[in-house]
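I opened this entry to note what I looked up, step by step. I begin where the two chains meet.

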Amino acid sequence: MLRRDFVKTAAGGSLLAAAGCSAPTRGSQLGERPDAELVELAEVALDAARRAGASYADCRIHEIKNQSLRAREQRISGLRETEERGFGVRVIVDGTWGYAASADITPASLARVARRAVALAKVNSVLQSEPVIQAPNPAHVAVWEAPIIRDPFSVPLEEKIERLMSINQAALKLPGVSFCQSNMDFVREHKFFACSEGARIEQRLQRCNPSFRVTAVDRESGGFESRNSYASPQGLGYEYIEEYPWLADVEQAAEDVREMAQAPRLTPGRYDLILHPSNLWLTIHESIGHPTEFDRAILMEANYAGTSFLTPDKLGKEQVGSSLVNFTAEKTSPGGLASCGFDDDGVATESWPLIKKGVFHDYQTTRDQAHLLGQAASHGCAHAQSFWAVPFQRMPNINLEPGVGSFSYADLIAGTEDGVLIYGRGSYSIDHQRFNFQFGGQTYRRVKNGRVVGMLRDLAYQSRTPDFWNACDAICDASEYRVNGSFYDGKGEPGQVNAVSHGCAPARFRKIQVIDTRA
Amino acid sequence: MDSNQAKCARVIERCLDLSDSDELRVNVSLEESSHLRFARNTITTSAVVENLSVSVRSSFGAKSASLTSNRTDPDSLKRLVQRAERAARLMPEDPEAMGELGQSPRKRTPATELEKPAESQISMARGAAHCIRAASDAGLLAAGFVQVQNGTRAMGTTAGLSASHQLKEAHFSTTVRTPDGTGSGWSSCAAPSAWGLDFENSARVAIEKARSSARPSALRPGTLPTILEPACVASLLRLLLGGMQARSFDEGRSAFSEKQAGARVFPSLVNVRSDPFDLTVPVQHWSAEGLPHRTHEWIRAGSLGEFACDRYWAKKSGRRPLPEAPNAIMLGGQKTLEELIASTEKALLVTNLWYMRQVDPRSMLYTGLTRDGVFVVENGEVVRPVNNFRWNDSPIRVFQQIEELSRSERVGGRGGVSKNFVVPAVKLGSFRFSSVSEAV
């Protein structure tokens, strides 16, 4: 039995509460001018592009540092650090984009690469039948830095090692635990954006991704069970790792894997699902986040990630969810994985509704998409993973607004007669238009007559996106709101990854199909 | 040695010279890649990227750390090596540490001349233009992606290992859709250069699939006899090979049971090998830690071969060290896909699989979708398209269902996954479709 909902005190919740996440605020704008050397370098590229015939140019100088520390059982299995620095020049020539990038950040290279981008656009302009049109955008001059408390790259390696080993050692002491692996990943970005319209923007971003996995092997039966931690990637510094209740999560995980090994399976059928934020965030990501990407809706991702059932003709009409369901997109919340001051088109980030009272309201857009919707401005969703990547439309943080009035997690469980309570991220799969999905979790518990009565195993839930969200009949209040997310959301060709957060409170969905995955 | 190889060799030599480590491993990747992307019958993005990155792994006894950077001027290389050494000294001793390898992998045939970037870009533009024009003339909408990657991957260690591989790859894929959104077809091809890509055939196949998959009729899910096209087989084989890990097996965390080790698990017509020197699917012929890839039979006449095993576990368990499969070549039959269909009484024909995710590692159960056309085959003919499905099945069980094979061909998965696979289409006794997906 779940001894306590330790995730109520998880760092993500407390820190964001301290930062006032209920009223998202912008990250710090230090009021300084961008680095003069970066400005000078970028202007070499912009000037060369203009001289070569570009009607628009931007230059992004981008540095990313990654640190990854891995531990399994009693050993540190690896330390890897990566730093990647370079620049990319994007141009419009004859209504066609061109992009060129290099790691050689010198004036000669900047000029050469800019000319290369222009030449590429010219060659490919013969293929252009929809000239690029960019929405107007003010030319911001700004410096922005993500508000973190403790820089993970300043934390001594010994401290990080001790943390991972303490998690593993605590796990291995618990009955039944055979293996434990734990990880910490950190990313720090420093990027400078300048464009021919006058923008000069410098930003520093940070994010972290700590986790563990506990495994119990039963040699007699030949079976094994695992449970991942309920920690989540965050756009925060090392303070998240310091405050997260690792040992409580480990103890619970060990208890869970023991219980799972003996737990009964559930007869397939339709059940009421209570989805904890540690599970629901991924359903939000896949079934709401992706279909509201405008480029998918207009077939620009058809060769890879797919398209969307939310086509433009459904704006303002399609009842995607029940009237309780409101989704907000934003890149502004402190600690959000996609949060920043400005996107990679130089657009100031904002918050806007995607779904209002269950009705499809708006998309995620970039500067070159806004006009296709008849909108005057971009929503600021352009993003490039690194200097070598072409910026394109990527998901912002997308949140399910909490319920109105007082309605706790305990109230939700107490009001459920026959259901399944699901924690944690498990298997996930959705079709290429974002209709048919199947999700699993880390743990499953039966709810009967308002009480959690025992563990279940080997199940997953299947639904169709509009059916699922229209079945939502209860969402807990803001006190139960938690933020989880993904470090590696993949899209595009060549493939890029993006980090994105999803906040929500626990919610209930009526009569959702549950399958036995061992049948 | 070409100029790229010489450049990589200089970087390696400099790092090795700078090192105070007990042991140092240096990996260098020099690459110039170009791409062109189109959708809605128009170009969307194109890019050319130059990058040179170096990764150093410093070891002091059993302590080690790896650092990677793409700053390769002399001062930056010095800082990189020093930082790696500082980090390595701080690390605890790793009881599973193995020393660096000193024996160089067998040399490949000499490097061949690379297609010039400007030539690549012209070939890519021409190929994309053909695809767009063909789709447009047919009243359809084309999307696609072509990428050329040229460069060098090289490695050196203080123990004396030296290796170099010329990277020379081009890939193209296209998805063609009907304007009413009811039909979608996909095709792909690969070659050493953009000039060698068969844009015309890929466009033709994708257009035919788009047309023939339009206005699908409804079909209920079930466990049904099925023909999987090569792209599907490559996707499933990649998952199957990924599960053939010695350490997980020995630790009791594998989907393969003890009694299956070395035993015949699949029909005898299932044969899968890796060959790092097969010119159809050229790959780097050594692993990340410098182990040479060798020709290896993962499945021979249906029996499981040795599993992948890192050097530490090989030493501990008495196995041979064996890196994971760098490519995969599955022996095919004599029939073309069309002949396989013609000899089939009743089955579903699936073009592609998508969004596969593991559901249960204990049985290697995966879930996923079908994509780009599902068709009913009756009495040797493709008679109608049907809706897509969600499926839940295990690659182990799927391969156990194989009854017949077509000739093998190289395939490219979506997003470049499984691009180094040569596989046949397979006729299965059954495949588990679990629910309908209305996605097209």
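**Entry 1: a charged pair.** I started with Arg37(B) and Glu301(A). Their side chains meet in a salt bridge, at 2.9 Å from N to O. I kept in mind that this is a predicted model.

Next I asked how many salt bridges the rule finds across the interface of chain B and chain A. It finds 15. I then looked up polar contacts across that interface. There are 46 residue pairs, both residues at pLDDT 80 or more.

**Entry 2: the side of chain B.** Which element gives the largest share of the side of chain B that touches chain A? I found strand E2 of chain B, residues 42-60, with ten residues. I sorted the residues on that side by kind. They divide into 31 nonpolar, 30 polar and 20 charged.

**Entry 3: extent of the interface.** I looked up the contacts next. On chain B, 81 residues are in contact with 79 residues of chain A. The size of an interface is often given as the accessible area lost when the parts come together. Chain B and chain A bury about 7000 Å² between them, and 50% of it lies on carbon and sulfur atoms.

Entry 4: I checked how strand E3 of chain A (residues 75-93) joins strand E3 of chain B (residues 63-69). The two run parallel, with four bridges between them. I picked out one bridge: Thr82(A) has Thr68(B) as its partner.

**Entry 5: a sheet in chain B.** I traced an open sheet of six strands in chain B. Its order is E10-E9-E8-E11-E18-E17, and the pairing is mixed.

Inside the order, I looked at E8 (residues 272-274) and E11 (residues 328-330) of chain B. They pair in the antiparallel sense over two bridges. Val272(B) has Met330(B) as its bridge partner in E11(B).

I then looked for a helix against these strands. Helix H5 of chain B, residues 230-242, lies across E8, E9, E11, E17 and E18. Helix H5 runs at about 120 degrees to E18(B).

**Entry 6: a hairpin.** Last, I turned to E13 (residues 365-378) and E14 (residues 381-386) of chain B. These strands pair in the antiparallel sense over five bridges. One bridge joins Glu378(B) to Glu381(B). Two residues sit between the strands, and Asn379(B) takes a positive phi near 50 degrees in this hairpin.

Notes. Residues are numbered from 1 along each chain as its sequence is written. Chains are lettered from A and ligands numbered from 1 in the order in which they are written. This is a predicted model: local features need pLDDT of at least 70, side-chain atom pairs count only at pLDDT 80 or more; totals for chains, interfaces and linings use all residues. Side-chain values use heavy atoms; hydrogens and water are left out. Two strands pair if DSSP finds at least two bridges between them. Contact means heavy atoms within 4.5 Å. Axes are lines fitted to C-alpha atoms, for helices over the stretch in contact, and angles run from 0 to 180 degrees between N-to-C directions. Buried area is the accessible area (1.4 Å probe) that two parts lose on being put together, summed over both. A salt bridge is a side-chain nitrogen of Lys or Arg within 4 Å of a carboxyl oxygen of Asp or Glu. A polar contact is a pair of N or O atoms within 3.5 Å; within protein, one must be able to donate a hydrogen and the other to accept it, and residues adjacent in sequence count only if both atoms are side-chain atoms. Ala, Val, Leu, Ile, Met, Phe, Trp, Tyr, Cys and Pro count as nonpolar, Asp, Glu, Lys and Arg as charged, and the others, Gly among them, as polar.
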